[in-house]
Amino acid sequence: MNFERPTVRTGDGFDTFDLTVDVVVAPDLTSWQWKDEDEYAHVRRLGIVTDTEHQAVDAARDQALAMLEERSGPFADAAAWSAWRWNPTWPAPQLPRPTTAPQRVAPTDG
């Protein structure tokens, strides 16, 4: 499970921001562990993750672990997901052409 700020739609696509902490769950849902808690603590110290966001992450952690324990939400049908494979006949996604940055013109004395 990945913890991140809500995705925001922009004129060029989407902006996302990963909050560095994750929960890694075994495919059979029998175990889990936190990943990158040291990085999360560091971004907290730097103020990149605010106190309000930290409270939201704590609440989301509790909610996610409750769903895991209950086998609800995304964990309701783990067997189906563990057997899922990408269909090789599907075409590869295509990214849009990059937009070019506007030219910056140096000011002139005038």
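Modeller: Let's start where two helices meet: Glu37, Tyr40 and Arg44 in α1 touch Asp51, His54, Val57 and Arg61 in α2. Contact here means heavy atoms within 4.5 Å. By class, the contact of α1 with α2 has two nonpolar, one polar and four charged residues. Nonpolar covers Ala, Val, Leu, Ile, Met, Phe, Trp, Tyr, Cys and Pro; charged covers Asp, Glu, Lys and Arg; the others, Gly among them, are polar.

Colleague: Before we go on, what sort of model is this?

Modeller: This is a predicted model, with local features needing pLDDT of at least 70 and side-chain atom pairs counting only at pLDDT 80 or more, while totals for chains, interfaces and linings use all residues. Residues are numbered from 1 along each chain as its sequence is written, and side-chain values use heavy atoms, with hydrogens and water left out.

Colleague: Good. How do I read a helix pair?

Modeller: Two packed helices are described by the angle between their axes and the distance between the axes. Here, α1 (residues 37-45) and α2 (residues 51-70) have axes that come within 11 Å and cross at roughly 155°. That makes α1 roughly antiparallel to α2. The labels go by angle: under 35 degrees is roughly parallel, over 145 roughly antiparallel, 65 to 115 roughly perpendicular, and the rest oblique. Axes are lines fitted to C-alpha atoms, for helices over the stretch in contact, and angles run from 0 to 180 degrees between N-to-C directions. Helices (H or I, at least four residues) and strands (E, at least two) are DSSP runs, numbered from the N terminus.

Colleague: And the sheet: in what order do the strands come?

Modeller: The order is β1-β4-β5, in an open sheet of three strands with antiparallel pairing. Strands pair if DSSP finds at least two bridges between them. β1 (2-4) and β5 (32-35) are the edge strands, each with a single partner strand, so one side of each has no neighbour in the sheet. From one strand to the next, the twist averages 20°.

Colleague: How many bridges join β1 to β4?

Modeller: Two bridges join β1 to β4 (residues 18-25), and these strands run antiparallel. Glutamate 4 has aspartate 18 in β4 as its bridge partner. As for the helices, α1 packs on the sheet by touching β4 and β5, and its direction makes about 155° with that of β4. α2 also packs on the sheet, touching β1, β4 and β5, with its direction at about 20° to that of β4.

Colleague: Now aromatic pairs. What do I look at?

Modeller: A pair of aromatic rings is described by the distance of the centres and the angle of the planes. Rings of Phe, Tyr and Trp (its six-membered ring) pair if their centres lie within 6.5 Å; planes under 30 degrees apart are stacked, over 60 edge-to-face, and the rest tilted. By this rule the count comes to four aromatic pairs. One of them is phenylalanine 3 with tryptophan 34, a tilted pair at 6.3 Å centre to centre and 45° between the planes. Phenylalanine 3 lies in β1 and tryptophan 34 in β5, so the pair ties together parts that are 31 residues apart in sequence.

Colleague: Is phenylalanine 3 buried or exposed?

Modeller: Phenylalanine 3 is buried, at 8% relative accessible area, whereas tryptophan 34 is partly exposed at 22%. Buried means under 20% relative accessible area, exposed over 50%, and partly exposed in between (1.4 Å probe, protein chains only). Another pair, tryptophan 86 and tryptophan 90, is edge-to-face, with 4.8 Å centre to centre and 85° between the planes. Phe3, Trp32 and Trp34 form one aromatic cluster.

Colleague: Which residues does arginine 61 touch?

Modeller: Not counting residues up to four places away in sequence, arginine 61 touches Phe3, Val21, Trp34, Glu37 and Tyr40. Arginine 61 sits in α2 and is buried, with a relative accessible area of 12%.

Colleague: Last one: what should I make of backbone phi?

Modeller: Most residues other than glycine have a negative phi. Threonine 20, in β4, has a positive phi near 75°, and is buried at 14% relative accessible area. Aspartate 36 also has a positive phi, of about 65°, although it is not a glycine. Aspartate 36 is in the loop between β5 and α1 and counts as partly exposed, at 22% relative accessibility.
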